[in-house]
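Me: I would like to learn how to read a model like this one. Please take me through the features, with the cut-offs.

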Amino acid sequence: MADTIAFRGAAGPGRRILRLPQWAVLVLWLLIVPLAFVAFGLWQEQRAAATRDEYRQAMRDLPETLAQLQRIEAQNPSTFVTMGGPDGRRMPVSMAVAGVRKAIGTMEEGVEVSLIRYPLSWGTMAGGLLAFLAGLGGLLAARTAALRARRSRDALVRSFDRLRRGLPFTLGAVLVGLSVAGVSASLFEAASLWFWDHLSTGSAKLFGVGVALAVFAAYSAVMAIIAMRRVFDLYTVEPLDVRGMVVDRETAPGLWRFVEDLAARHEALVPDAILVGLTEGFFVTEAPVRPLGGERVLTGRTLHLPAPYLPLIGETELAAVIGHELAHFSGGDTTYSRRFAPIHAGLWRTLSALGEHTGTGGFVLTPALHLGFHTLESFDVAVAQHRRQRELEADRRSSLVSGPESVPLALLRTAVLAPVIHGTLNDAFSAPETAAPDLMAETVRRVEGGLPDPAAHIEECQPHPTDSHPPTALRISSLDVALDDRLLARAARGPATDDTGLPHRLFSDWTGLCQALTAAFLDEARQAHRLNREELEMAAAAVPAEHTVLYENGKPMIWAMIFIAALFAAFAACTIVFAQALGINSDPGTKAVVGAVTAVAVGIALLYAAWIRHKTKAPLMTLTPDALVSTRLREAIAWTDVAGMKVTASQRLALVLALREEAPLPNRIGFSIYNKVNRRKRTVVLEALGIRGMKAADFEALVSRYLNAAYARRRLAGD
C-alpha cells in the first residue's frame, strides 16, 4: 500500500557492496570472458590431440603386444608377466591376453570419440573468438560514432543511424559466439568422460550431467536468440500522449493570428496544429501526438501551450516563449528530434525488453545487453551538448524579435509560476469534488497578492516532455542580460488586467475552454480516485473478519527425534545381540555403560519430541484485522505500526517486522534466543520451526495481505 515502507534488507546502510566500474564490467564480459573461452578451447584442443594420438598409437602397438603374449602363453601358460612397464601390475599371462584383447576392442571407439571431441575444441575457440571480435568491434564502433556525433546534429543522426543498423548484428555475433563456445565446451567435457574407465557407472552419471549442461546452454542460446529478434524492431514510434485540446482557427482566431505573425517575423514554419493543455509546458514537436481522451493522432508540426500560464504570463513574455518554440522549427530542431528521438527511444525500449529475458537467455544474453546499453550511453554527452546549443540558439533568435529582456522575463516568470500552478492542479486532483470549476481562474486568484521571489528558481530547468533544458541562470547569462533586482521585480509582479485579459483576446470563448479543460481533468481525477478506492477496498476485503490462528509445525522435528531415538535403540539392541562378536559379552560394565548412554539418548530425544508436541498445541500467533498477537510477546503489534516486513526460511522460519519510529515496541515473554526485539533497529523477529499446513511463501503472502488490508482501511477511513 501507499503508506507502507519497503523493508531495509541486507544491502542497506552499513553494508558495502562491491561494484565494478562500468569499463571493468565491459572488459570482463566482452573481452575477458570470450578470451577465456579461446584459451579453454586451446587447452581442449591439446587434450583432444594428445588423446587421439595415444589411441592411434595404441591401435598400432596392441596387436603386436597381443601376439607376443599369445606366444608366451602357448609356451608356458603358468607364466606371470608385468604389464605397464617396470612399475606395472604383475599378472598371469592368460589374464594379460584377455586384458589386451579387451583394450583392442575399445581402441576403435576411443579413436572415434577423440575425433568427435577434436572439432568441439575448435568450436569453443571459434565461438570465443567471434564473441571477442564482435565485442571489441562494438566497443570501438560506439566510441568512434560518439566522437563523430559531437560535430553536429546531422553527424549525430548519421552516426547513430549507422551504429543502430549494425548493432543488432554485433549483439547477435556476441550472443552466437558465446552460445557456440558454451555448447561446444560443455559437449567436449561430456565426451571426455568416456575415457573415465570407459563409461563406468560413476562416469556415466557425469556424462549425463555434461550433456544436461550442454542442453541447458543450447536452450539458453535459443531463448536469447528469440529475444534478440526484438532488436530488429526499432522503428515503433509511440505517439506522445498529452492532456490537452486541439484549438482551430475558429476556436482561437486571435491565437492563430498571433502565432502566424510571430512565425513570419521569425521566418519560421507555422505549426499544423495547436494544443492547449493543463499539465505540460510550452513545447513544439513533429512526433505524433495523441490528445488524451481522443482517438485522433496529430501528425506534422504541433505547438503545445499550457493554459494555466496564459492569463499570467503577459503578451511580451508569451511572444518570447512562442518565438523560442517556433525558432526550433526554423532551426530544424523538431525535424532532428523526429529523426533521432524515435530511433533512440526505440532502442532503449528494445534493450529494456531484452533485459527482461535475462532469466531465460542467462549468461549468453548479459554481454550483449552490456554492449547495447554502453552504445546508447556513449551518445549521451553528444545529445546533451546539441540540446543545450539549440536551446540557447532558440533563446537568441527569440530575443532578436521580442526584445532583449523578453526571454529572461519569460524564463523567470514561468519558473516562479510553476509551483503555484502545480499546487493548484495537485489540490484539485486530490479533492476533485470540491475543486473550482475553472482551474485557470483559481490559479489567478492564488497569485493576486503577488508571486514569490524568482531568484529562488533561477537554477531550475524548464519542463519538456522529451528532454531537459539548460538551467535558467545559464540561459539568461547567455543573452548578456543583467539578472538584477529590477528584472526580478518585473518577473514577480502580480497579475495585471492586460495579462488576465490576453487569453480572452486570443480565444473566442476562453472561459468555456478553461471549464472544458477543468472538467476533463477533474473527470480523470475522479476516475483515478474510483480505481484507487476499488483497489483499497479489494485489499481491505482480502482478509477475513474473524481471526486467523497459526500453529507452529513441529511434526518434522518430532519425527526426527523419534528416528534418532530409534537409531539409539537399534544400536543398543545390536550391542546386546552381537555382544559376543564385539568382544563385550564377558564385560558387564561395558554393556551397562552402552545401555545407560543409549537409554539417556533415547530418553532425551523422546522428551524433546514430547515437549515440541506440547508446545505446538498452543497457537503460535493470531492474525487479526488490526494487529498481530504472538504468544512470544506481551503486547500485540498493530499492523499500521509496521513499516516493513519480510520472511526468511533457512533452518528455521523467521518473521521480521520493522516498526515505525513512533510505534511502541513490544516486550518479550521469557527468554528465547530465537525471538528478538531490537530496540536500536526497531525490529521484531519471531522464529518458528515452521507454520503448520503452510509454506514460507504462503505465510509471507498471508502476513502481507493483513498488513496491506490494515493500511487500506486506514486510507479508506481517511477518505
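**Reading the model**

Reply: Start with a loop: D480 is found between helix 14 (472-477) and helix 15. Helices here are DSSP runs of H or I with at least four residues, strands are E runs of at least two, and both are numbered from the N terminus. This is a predicted model, in which local features need pLDDT of at least 70 and side-chain atom pairs count only at pLDDT 80 or more, while totals for chains, interfaces and linings use all residues. Residues are numbered from 1 along each chain as its sequence is written, and side-chain values use heavy atoms, with hydrogens and water left out.

Me: What is the phi of D480, and is D480 buried or exposed?

Reply: First the scale. Buried means under 20% relative accessible area, exposed means over 50%, and partly exposed lies in between (1.4 Å probe, protein chains only). D480 is exposed, with a relative accessible area of 75%. Its phi is positive, about 60°, although D480 is not a glycine.

Me: Where is R682, and is R682 buried or exposed?

Reply: R682 is in the loop between strand 15 (676-678) and strand 16. R682 counts as buried, at 11% relative accessibility. Its phi is also positive, near 60°, and R682 is a residue other than glycine. T683 is in strand 16 (residues 683-688). T683 is buried too, because its relative accessible area is 14%.

Me: Which residues is T683 in contact with?

Reply: Contact means heavy atoms within 4.5 Å. Leaving aside neighbours within four places in sequence, T683 is in contact with L657, A658, K676, V677 and N678.

Me: Where is D485, and how far is D485 from A455 in space?

Reply: D485 is in helix 15 (residues 485-491). D485 counts as exposed, at 64% relative accessibility. D485 and A455 are 30 residues apart in sequence, and their C-alpha atoms are 9.3 Å apart.

Me: How do I check the span of a helix?

Reply: The expected span is 1.5 Å times one less than the number of residues. Helix 5 (residues 253-266) has 14 residues, so it should span 20 Å; its end C-alpha atoms are 20 Å apart, which agrees. Helix 18 (residues 555-577) has 23 residues and should span 33 Å; its end C-alpha atoms are 32 Å apart, which agrees.

Me: How should I read a nonpolar core?

Reply: In soluble globular proteins, nonpolar side chains tend to be buried together. A nonpolar core is a set of buried Ala, Val, Leu, Ile, Met, Phe, Trp, Tyr and Cys residues joined through side-chain atoms within 4.5 Å. In the largest one, of 60 residues, L255, L318, I322 and F507 touch the most other members. Helix 12 (residues 406-430) gives the most to this core, with twelve residues. A second, separate core of 30 residues includes M645, L653, A663 and V703.

Me: Which residues does L318 touch?

Reply: Not counting residues up to four places away in sequence, L318 touches F258, F282, L310, I313, L502 and L506.

Me: How do I read an aromatic pair?

Reply: Such a pair is described by the distance of the centres and the angle of the planes. Rings of Phe, Tyr and Trp (its six-membered ring) pair if their centres lie within 6.5 Å; planes under 30 degrees apart count as stacked, over 60 as edge-to-face and the rest as tilted. A search of the whole structure finds six aromatic pairs. The rings of Y608 and W611 are stacked, because their centres are 6.0 Å apart and their planes are at 25°. Y608 is partly exposed, at 34% relative accessible area, and W611 is partly exposed, at 46%.
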